[in-house]
Amino acid sequence: MQVQVARIGKPHGIRGEVTVLVLTDAPDSRFAAGAQFAVEPAKLGPLTVASSRWNKDILLLGFEGTTTRNEAELLRGATLFFDSDDDGDDDAWYEHELLDLEVRVGTEVVGKVAGLRTLPVQDLLIVEDNDGDEVLVPFVDEIVPEVNLEDGYVRLTPPDGLFSVNKNVEGKASESKEADGTGTEGAGQ
């Protein structure tokens with residue numbers, strides 16, 4: 001099975017390096033020099049890592065045969081995949097398996113999975129709710145007790161307010177300030 005591990009971003013510098021959006025929890029070993037990846041679109045690959053280094057929190061990769069900024073620019077937006085035989089962990093899912101699954105609270109459908117954000121402390125499910133807004137849900141057993149790939153859903157037991165915490169509170173705050181006369185319009189007059 002092919003697993004997406006990165007998406008190539010913009011070029012960095014003039015020697016053909018690119019920034020990479022890391023989608024794996026083991027970037028240092030996965031992107032070691034000599035590692036080879038299948039690429040989408042296929043016409044750009046396969047790519048072999050020539051160099052790998054961190055610049056602050058951003059992974060920079062150099063690939064064999066890519067030595068100029070213009071060559072690196074051609075790779076922008078490409079995705080990197082590796083072949084995996086690992087199907088042993090029943091509590092691990094790849095982003096492509098979760099995309100578009102229904103999100104349910106009890107029996108009510110509250111949205112769909114739009115992505116997965118992998119972070120050092122915990123992963124976050126990106127849920128597009130029924131209003132089209134993005135909600136970040138901690139991907140932990142207490143909040144996401146069930147992932148059912150066969151039936152196409154994840155079941156949540158969210159704490160109160162989880163689906164309203166990411167709503168546009170800025171717009172609502174300025175509306176309430178205008179209503180009570182504390183808005184900035186006419187200040188200092």
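Contact, in these legends, means heavy atoms within 4.5 Å. The views come from a predicted model, where local features need pLDDT of at least 70, side-chain atom pairs count only at pLDDT 80 or more, and totals for chains, interfaces and linings use all residues. Residues are numbered from 1 along each chain as its sequence is written, and side-chain values use heavy atoms, with hydrogens and water left out.

**View 1. I8 and the residues around it.** Skip the neighbours within four places in sequence, and I8 is still in contact with V18, T19, L47, F63, L75, R76, G77, A78 and L80.

**View 2. The largest nonpolar core.** A nonpolar core is a set of buried Ala, Val, Leu, Ile, Met, Phe, Trp, Tyr and Cys residues joined through side-chain atoms within 4.5 Å. Buried means under 20% relative accessible area, exposed means over 50%, and partly exposed is in between (1.4 Å probe, protein chains only). The largest core here has 21 residues, and I8, F31, F37, L61, F63 and L80 have the most contacts inside it. At least two of its residues come from each of β1 (2-12), β2 (17-22), β3 (36-40), β4 (47-55), β5 (58-63) and β6 (79-83). The largest share, four residues, is from β1. Those labels are DSSP runs numbered from the N terminus: strands (E) have at least two residues, helices (H or I) at least four. In soluble globular proteins, nonpolar side chains tend to be buried together.

**View 3. The E17–R53 salt bridge.** A salt bridge is a side-chain nitrogen of Lys or Arg within 4 Å of a carboxyl oxygen of Asp or Glu, and by this rule there are five. In this one, the side chains of E17 and R53 meet at 2.8 Å, N to O. E17 sits in strand β2 and R53 in strand β4, so the pair ties together parts that are 36 residues apart in sequence. E17 counts as buried at 13% relative accessibility, while R53, at 38%, counts as partly exposed.

**View 4. The D100–K112 salt bridge.** Here the side chains of D100 and K112 meet at 3.8 Å, N to O. D100 is in the loop between α3 (95-98) and β7 (102-105), and K112 is in strand β8 (residues 108-117), twelve residues apart. D100 is exposed, at 55% relative accessible area; K112 is partly exposed, at 35%.

**View 5. The E102–R104 salt bridge.** The side chains of E102 and R104 meet at 3.0 Å, N to O. With a relative accessible area of 29%, E102 is partly exposed.
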